[in-house]
Amino acid sequence: MASMEEDGSVEEKDNNNKKRTKSAIAVAWLTFYNIAMTAGWLVLAMAMMRFYIQKGTHKGLYKSIARTLKFFQTVALVEVGHCAIGIVRTSVIVTGVQVCSRIFMVWFITNSIKQNEESVILFLVVWTLTEITRYSFYTFNLLNHLPYFIKWARYNMFIIMYPLGVAGELLTIYAALPFVRKTGMLSMRLPNKYNVSFDYYYFLIIVMLSYIPLFPQLFFHMLRQRRKVLLGEIIVEKDE
């Protein structure tokens, strides 16, 4: 009996050591990732300010930073993986919707079609401020040295920034519709060898309409997180 208890104790210690090792590796990776992403969005912010100071206009600003923006925004797909494997306790669906919607904007909207530069700059400024705050929050939180002003900004700025960002994205897609319809861009007409029809114009309209149910869900999710973190309320999530 003593031998069996000792074996069980050793096995439990081994399991605990493995868990601690995995946890340490996860924290190290997340810290590195969030520092890198904070730095990336700071580089974008400085590039935007430098362009405006030198040129005195926002015209052409997006093209000057498009490659860097696409790189860091696409890298954010890693965050969906973080949720999927469980090293971050966030909904895979919520994270996936947010990340993929932005990737869609930079690769299939602003990268491919005629732009309304004012609306592009609107969501670009919002994204930049939001991501610098968000990744800074994650970084300092992982280091156990979270300044209150970053915590405050993380859970208050979105109240203004989120609607402004959505407005910029919707205005950009809306401004693209005439160009898409005129050129038939990314559309497939029948007859064709695949016997498939796809109209990118109507697809973009559906994307715009999808904001109606998705925006309130994501916005109120953040409001619940704000009450939980800043006000200490206990939030009881309903079973899906």
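Is L186 buried, partly exposed or exposed? L186 counts as partly exposed, at 46% relative accessibility. Buried means under 20% relative accessible area, exposed over 50%, and partly exposed in between (1.4 Å probe, protein chains only). The model is predicted: local features need pLDDT of at least 70, side-chain atom pairs count only at pLDDT 80 or more, and totals for chains, interfaces and linings use all residues. Residues are numbered from 1 along each chain as its sequence is written, and side-chain values use heavy atoms, with hydrogens and water left out.

**View 1. The overall fold has 8 helices and 0 strands.** Along the sequence the pattern reads α-α-α-α-α-α-α-α. Helices (H or I, at least four residues) and strands (E, at least two) are DSSP runs, numbered from the N terminus. The protein has 240 residues, and 35% of them are buried. Take the contacts with a separation of 6 or more: 71% of them join residues 24 or more positions apart. Contact means heavy atoms within 4.5 Å.

**View 2. The largest nonpolar core has 49 residues.** Such a core is a set of buried Ala, Val, Leu, Ile, Met, Phe, Trp, Tyr and Cys residues joined through side-chain atoms within 4.5 Å. W41, Y62, I65, L69, L124, I173 and L204 have the most contacts inside it. Two or more residues come from each of α1 (2-55), α2 (61-75), α4 (92-109), α5 (117-142), α7 (158-183) and α8 (200-230). The largest share, 9 residues, is from α8. L124 touches M48, L61, Y62, I65 and L69, with residues up to four places away in sequence not counted.

**View 3. Q73 sits in helix α2.** Q73 counts as buried, at 2% relative accessibility. Its contacts are W41, V99, R102, I103, V106 and W127, leaving aside neighbours within four places in sequence.

**View 4. Helices α5 and α7 pack at an angle of about 145 degrees.** Their axes are 8 Å apart. Axes are lines fitted to C-alpha atoms, for helices over the stretch in contact, and angles run from 0 to 180 degrees between N-to-C directions. The crossing of α5 past α7 is left-handed: the near helix is turned anticlockwise from the far one by less than a right angle. On the α5 side, the contact is made by S119, V120, L122, F123, V126, W127, L129 and T130. On the α7 side, it is made by M161, L164, G165, A167, G168, E169, L171 and T172. By class, this contact has 10 nonpolar, 5 polar and 1 charged residues. Here Ala, Val, Leu, Ile, Met, Phe, Trp, Tyr, Cys and Pro count as nonpolar, Asp, Glu, Lys and Arg as charged, and the others, Gly among them, as polar.

**View 5. Helix α5 is followed by N144.** The 26 residues of α5 should span 38 Å at 1.5 Å a residue. The expected span is 1.5 Å times one less than the number of residues. The end C-alpha atoms are 37 Å apart, which agrees. N144 lies in the loop between α5 and α6 (148-154). Its phi is positive, near 60 degrees, in a residue other than glycine. N144 is exposed, with a relative accessible area of 66%.

**View 6. The loop between α7 and α8 holds L186 and P191.** Phi of L186 is near 60 degrees, a positive value in a residue other than glycine. A cis peptide bond joins L190 and P191, with omega about 0 degrees.
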